[in-house]
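My notes are kept in the order of the look-up.

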2 protein chains.
Amino acid sequence: MSQTSPPIFADILAAAARIAPHAHVTPVLRSRSLDELAGAHLHFKCENFQRMGAFKFRGACNAVWSLSDAEAAAGVVTHSSGNHGAALALAAHTRGIAAHVVVPAGAVAVKIAAIKAYGATVHECAPTMAARDAMAAELQTKLGARLVHPFTDPAVIAGQGTAALELLKQAGELDIVLTPVGGGGLIGGTAIAVAGIAADTRVLGAEPEGAADAYESLRRGERVTDLKADTVSDGLRGVIGEINFDLLRAHRVEVLLVSDAETLAAMRLIWSRLKILAEPSAATALAAVLRHRERFAGRRVGLIVSGGNADLEQLLR
Amino acid sequence: MSQTSPPIFADILAAAARIAPHAHVTPVLRSRSLDELAGAHLHFKCENFQRMGAFKFRGACNAVWSLSDAEAAAGVVTHSSGNHGAALALAAHTRGIAAHVVVPAGAVAVKIAAIKAYGATVHECAPTMAARDAMAAELQTKLGARLVHPFTDPAVIAGQGTAALELLKQAGELDIVLTPVGGGGLIGGTAIAVAGIAADTRVLGAEPEGAADAYESLRRGERVTDLKADTVSDGLRGVIGEINFDLLRAHRVEVLLVSDAETLAAMRLIWSRLKILAEPSAATALAAVLRHRERFAGRRVGLIVSGGNADLEQLLR
């Protein structure tokens, strides 16, 4: 990566302009019955309606279109348990360049199918961060392709921040913006965007108890990387990145934990009340609102519904 | 019912104005991947985002707000396997009047819960049309309440037609408009609306093989009322009404059959590609496009996604 310092608000504004020809402006939905249930005013930013079905397209698209023509010609490579891989594949497709995606064995089938459908080459590796990093580095060296990391790449973080930028324009003043926390690309970009527009708005994260590395890192004051993820929220199994952890601390982001049962119950509520598909990872935000309700009572809350690529083969009878 | 002649185009325009303060203008969604799969240009009119989650609110709302103040004071009564009951309950709520809903034993739990949540009184009866009619008539007599039939009431039919009215405005010129067929309220209203705006646009219906009364009625040239419904599409088990059958013939509507397996496969496609919840009944339209693809090849097709009140308890693991 050429840039290793974190992005700033101007980078998010630039990203918004850069991805505008390719990305959707997603709708913000509301629900009287969910507001009643939560005792708060909820604004759901529907990134499940983003291209390829998740906010991840924003970051990947910004990274791909930030490359010079010479850099782009060699293609891009990444590792991803799913959504970022599909996002980079589609982003590369919009620029007509090659994409190589390293996928851990056992990743969600529908996400792997999407990566292939967008024309990328899939490389399977063992399901550990070390194996992923090694294979991605190998491909990068062999092909000369640019590595676009799923959450530590500053261009990716800046791209993810454009979702909150839109949300704040669409929903007006919010007391809290709440996003799922995995590797920290979305929450990092969100923290920068919110600080740039609405300094009084709090940014909170929702993280599964079974992948509580960001929560633990903040609690201990140092990045915890040795937890083994075990959660139904397949998009949130990544370990918080260094640059991302620094952003959480700089912006005093707090992380709230949710159980998988709470996440699945919240997912059903989103499906049945909003009539939209949200994947489990995306439902952690509503799960956090319902579990920690005293934190949200009477507040105007923006929730980023991060994606809709639920594995229906797994979830349906 | 005071009016027994079928509604005309002017009634649909009046209905649109009458329900505008209460009903949502629902979005029309498109999907590149579904267009490719079908080999046609598909425009999905998302009535799953209508209030209470189905187009039925349009008809019920038009019926409730068509009553004089004196009529309205005695309340409304109906029988319904689900969506119309919730629709009438909510419509009555918007006018602050009482609603009584006769529901057959075995109706979808989530729909009964919705009826109660909107403040209506639920009366359970045996799961036959005769039992429903008898109990509704009894309540009507006892309470002096107005019967709002789910699909033969002309005000209901006119209300349902407003969905196609919006669709044609939103999507522009269409070759075909396709709706699910149950009792015939939606397809009847649609046929009138389309004839009034776009005389060259064909109206087609999609009906489950296990509830093929409209298909059989058109084939035999007389209304068939003795078929026993057996289909996963719980909203389409009703028998085509007389006034509705007359409308199908007057507008030369053709009905296409689909199997339950085709419906469930189409439902999964809608969920996974459009990222929206559609109930099985609503998926029959896409199922018909995919089964009878030669009829739709290269055409601009509007599909009414009739509702999103899927029974997640049944469908999810």
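The entries below cover conventions, the sheet, its helices and the chain contact.

**Conventions.** I worked on a predicted model, in which local features need pLDDT of at least 70, side-chain atom pairs count only at pLDDT 80 or more, and totals for chains, interfaces and linings use all residues. Residues are numbered from 1 along each chain as its sequence is written, while chains are lettered from A and ligands numbered from 1 in the order in which they are written.

**Sheet.** I looked up the strand order in chain B and found an open sheet of 6 strands, β1-β2-β10-β7-β8-β9, with mixed pairing. Helices (H or I, at least four residues) and strands (E, at least two) are DSSP runs, numbered from the N terminus; two strands pair if DSSP finds at least two bridges between them. In chain B, β1 (28-29) and β9 (254-258) are the edge strands; each has a single partner, so one side of each lacks a neighbour in the sheet.

I then checked β2 (residues 41-46) and β10 (residues 300-305) of chain B, which run parallel and are joined by 6 bridges. Within β10(B), B:Gly302 is the residue opposite B:His43.

**Helix.** I noted that α9 (residues 185-197) of chain B packs on the sheet and touches β7 (176-180), β8 (202-208) and β10 of chain B. Contact here requires C-beta atoms, placed from the backbone, within 7 Å. The direction of α9 makes about 165° with that of β7(B); axes are lines fitted to C-alpha atoms, for helices over the stretch in contact, and angles run from 0 to 180 degrees between N-to-C directions.

**Chain contact.** I recorded 15 residues from chain B and 14 residues from chain A. On the side of chain B, α12 (260-274) and α14 (312-315) each give two or more residues.

Methods
Contact = placed C-beta atoms within 7 Å.
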